[in-house]
Amino acid sequence: MNSRSNCALDLLDVSHAYGDLTAVDHVSLHVNEGEVICLLGPSGCGKSTILRLAAGLEALQQGRVAMQDRMVADGGLGQSLPPELRGVGLVFQDFALFPHLTVARNVAFGLGRMEAGARAARIAEVLDQVDMADYAGAYPHALSGGQQQRIALARALAPQPAILLLDEPFSGLDARLREQIRDDTLHVLKRSRTATLMVTHDPEEAMFMADRIYLMQAGRVVQSGSPDAIYHRPVNPFVARFFTATNDLGGVVQGGAVQSPLGLLPAPGHADGAAVQILIRPESIHLVAAGGGDTNSRIVPAIVEEVRFLGSSKLLVVRLESGENRSLTLRVRHAGRHLPELGSQILLQLDPADALIFPEGREGGDLYRRASTEIRALSAG
């Protein structure tokens, strides 16, 4: 394994199966000191298994795991350090606090080898980090869900682990509290410069938390990179659709471009005559005033058929009014204050650079449809 001087966790060519089911399929990833990395993907894609392999909670079958340039597991040699010797901190979805211990004693659980004075100082330090210093004597049952999550984080951070592993740590919280707690958690992780690998199925959460994302599908990493890069430069339709619902169109490339209901779109890298998928995110379609908009892009009239108020934005379902596309409906996310009325005519425009174009049939149908069903259900919720 190649050494990285600032690498807290390194997985190389890791695979794992449960009987005939391959849960993790040749995955490599690394987490540098001070980074927050998110493993993202639909349920059953293998992300929690990777976390358990890194922690030593599952015996490594294939590949290698290193932490701070120290080999902790080698599937080929059958060697593995137990979890307690790996220097990892764990926070699970259910927090797993000890109900019979006070907050302070929960945090002290991993500090047994410390001298009493140093242990007390460390408990006070991490409770202060998570703004729970006033609750040292309380018991878990007396705390809210958000407070319990903070204590679970403090307990994991107390031994100053080489890597912190978070498994869906915010999924048990209600939506408003989840936003606040993940913001607070991110600030704690960045202040402490703790290397963190976090599992989530929530694309918004991953984009908020992560320095880099590893997006998984069926046991494999399909794309990794910064949130901005993955969102704006997806490598295939699965990646594009995972982050937002899309308007899905089709076309044939002619002269390096493809004609769409919203205008001519450049299609570099696609051969003339090739059938392509055109994916357009609802926020990429803009409402323009009569006589306005970019003169280099087509302006298309449409009728508003549905309006859904989403707070800072509105989701419109519109039906195109012109030519052969008169029956086509599109979803448009509108961030302006003006809310179009049902049945009113509006004008739409797409920046051609915002269209995502992929070869037709690039993905396996059944696998994609299962993942897509879950993604759309999450988006609707």
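Predicted model: local features only at pLDDT ≥ 70, side-chain atom pairs only at ≥ 80, totals over all residues.
**View 1. Welcome to an open sheet of five strands.** At the edges are β14 (263-266) and β21 (356-359), each of which pairs on one side only. Neighbouring strands here are turned against each other by 35 degrees on average, direction ignored. Look for β15 (residues 275-280) beside β21: these two pair in the antiparallel sense over four bridges.

**View 2. Helix α5 has buried residues along one face.** This helix covers residues 175-192, which makes 18 residues. From first C-alpha to last, α5 reaches 26 Å, close to the 26 Å expected at 1.5 Å a residue. The residues buried in α5 are I181, R182, T185, L186, V188 and L189. Seen down the axis of α5, they fall within an arc of 165 degrees, so they line one face of the helix. The buried residues of α5 pack against several elements, including β3 (36-40), α3 (116-129) and α6 (203-209). Just after the helix, R193 takes a positive phi of about 55 degrees.

**View 3. Q223 is a buried residue in a strand.** Find Q223 in strand β11, which spans residues 220-225. Its relative accessibility is 10%, so Q223 counts as buried, the cut-off being under 20%. What does the side chain of Q223 reach at 3.0 Å? It is the backbone oxygen of R233. Beyond residues up to four places away in sequence, Q223 touches a set of residues, among them I213, Y214, L215, P234 and V239.

**View 4. D13 meets residues from elsewhere in the sequence.** D13 belongs to strand β1 (residues 7-18). With 32% relative accessibility, D13 counts as partly exposed. Its side chain and that of H26 are joined by a polar contact of 2.7 Å. Now look for G63: although 50 residues separate D13 and G63 in sequence, their C-alpha atoms are 4.9 Å apart in space. Setting aside neighbours within four places in sequence, D13 is in contact with H26, V27, S28, Q62 and G63.

Key
Residues numbered from 1 in each chain as written. Heavy atoms only, no water. Buried < 20%, exposed > 50% of the residue type's maximum accessible area, 1.4 Å probe, protein only. Polar contact = N/O pair within 3.5 Å; in protein donor to acceptor, adjacent residues only side chain to side chain. Contact = heavy atoms within 4.5 Å. Expected span 1.5 Å × (residues − 1). Arc of directions from axis to C-beta. Pairing = 2+ DSSP bridges. Axes fitted to C-alpha atoms, helices over the stretch in contact; angles between N-to-C directions.
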